Amino acid sequence: MAEAQRGARPLVSPLPSGARVLIVEARFYEDLANELAAGALAELSRHGVAGERLAVPGAFEIPGAIAMAADSGRFDGFIALGCVIRGETSHYDYVCGESARGLMELTVQRRLAIGYGILTVENDAQAWARARRSEGDKGADAAYAALSMMALRQRFRVAS
């Protein structure tokens, strides 16, 4: 099902010439991070866009890493990938809320093109159903969102 949906997606344009995207991935759940990144890289490749991977410890660190990378001026877009699985404490709520808030602030205040691919789930099975390229392929979804926002930046001539 996910493959049929991806195949039906049009290529995003206009994209900046020589576009570069940074994939910032929380490595707390390494196998999930690798699967999400594989989906994102495949979608970038489909569009002929170069992707670079950057590992951070967890989802909480993703907004800060993107803010630092944005200051370098080397990237046209960003993909935030990770997974937060609910535990027995309120830590889940803080990590999910603050990472999402941080990314939204970067998107709105700095007009960064960011694809959101941080899974927030109850258990491991839900995470895999969303991460697996043969099922949910949320890595590809996040890449497509980043590319779409990059095209909007290009269309409206938003400076980097």
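Among contacts in the protein (heavy atoms within 4.5 Å) between residues at least 6 apart in sequence, 79% join residues at least 24 apart. This is a predicted model, in which local features need pLDDT of at least 70, side-chain atom pairs count only at pLDDT 80 or more, and totals for chains, interfaces and linings use all residues. Residues are numbered from 1 along each chain as its sequence is written, and side-chain values use heavy atoms, with hydrogens and water left out.

**Overall build**

- The protein has six helices and four strands; these are DSSP runs numbered from the N terminus, with helices being H or I of at least four residues and strands E of at least two.
- Along the sequence they follow the pattern α-β-α-β-α-β-α-β-α-α.
- The radius of gyration is 15 Å, which agrees with the value near 15 Å for a compact globule of 160 residues; this radius is taken over C-alpha atoms, and the globule rule is 2.2 Å times the number of residues to the power 0.38.
- Taken along the principal axes, the C-alpha atoms fill a box of roughly 45 × 35 × 20 Å.
- Of the 160 residues, 46% are buried; buried means under 20% relative accessible area, exposed over 50%, and partly exposed in between, with a 1.4 Å probe and protein chains only.

**The sheet**

- Strands of a sheet pair through backbone hydrogen bonds, either parallel or antiparallel.
- Here, four strands make an open sheet in the order β2-β1-β3-β4, with parallel pairing; two strands pair if DSSP finds at least two bridges between them.
- The edges are taken by β2 (50-56) and β4 (114-121), each with a single partner strand, so one side of each has no neighbour in the sheet.
- From one strand to the next, the twist averages 15°; axes are lines fitted to C-alpha atoms, for helices over the stretch in contact, and angles run from 0 to 180 degrees between N-to-C directions.
- Strands β1 (residues 20-26) and β3 (residues 77-85) run parallel and are joined by five bridges, and Val-21 stands opposite Gly-77 in β3.
- Eight bridges join β3 to β4, also a parallel pair, and Ile-85 stands opposite Val-121 in β4.
- Although β4 is an edge strand, six of its eight residues are buried, leaving the strand mostly covered.

**Helices on the sheet**

- Helix α3 (residues 62-72) packs on the sheet and touches β1, β2, β3 and β4, with its direction at about 165° to that of β3.
- The buried residues in α3 include Ile-62, Ala-65, Ile-66 and Ala-69.
- An α-helix has 3.6 residues a turn, so residues three or four places apart point the same way.
- The cover over the buried residues of α3 includes β1, β2, β3, α4 (91-109) and β4.
- Just after α3 comes Gly-73, with a positive phi of about 75°.
- Helix α5 (residues 124-131) also packs on the sheet, where it touches β3 and β4, and its direction makes about 150° with that of β4.

**Backbone points worth a look**

- Most residues other than glycine have a negative phi, and most peptide bonds are trans.
- Ser-13 and Pro-14 are joined by a cis peptide bond, with omega about 0°; Pro-14 lies in the loop between α1 (2-8) and β1.
- Asp-137 has a positive phi near 45° and sits in the loop between α5 and α6 (138-155).
- With a relative accessible area of 3%, Asp-137 is buried.
- Arg-157 also has a positive phi, about 55°, although it is not a glycine; Arg-157 is found in the segment after α6.
- At 75% relative accessibility, Arg-157 is exposed.

**Rings and charge**

- There are two aromatic pairs, where rings of Phe, Tyr and Trp (its six-membered ring) pair if their centres lie within 6.5 Å, and planes under 30 degrees apart count as stacked, over 60 as edge-to-face and the rest as tilted.
- One of them is the edge-to-face pair of Phe-28 and Tyr-29, at 5.0 Å centre to centre and 80° between the planes.
- Phe-28 is exposed at 62% relative accessible area, while Tyr-29 is partly exposed at 28%.
- The charged end of Arg-9 sits over the ring of Tyr-144, 4.5 Å from its centre; this requires NZ of Lys or CZ of Arg within 6 Å of the ring centre and within 35 degrees of the ring normal.
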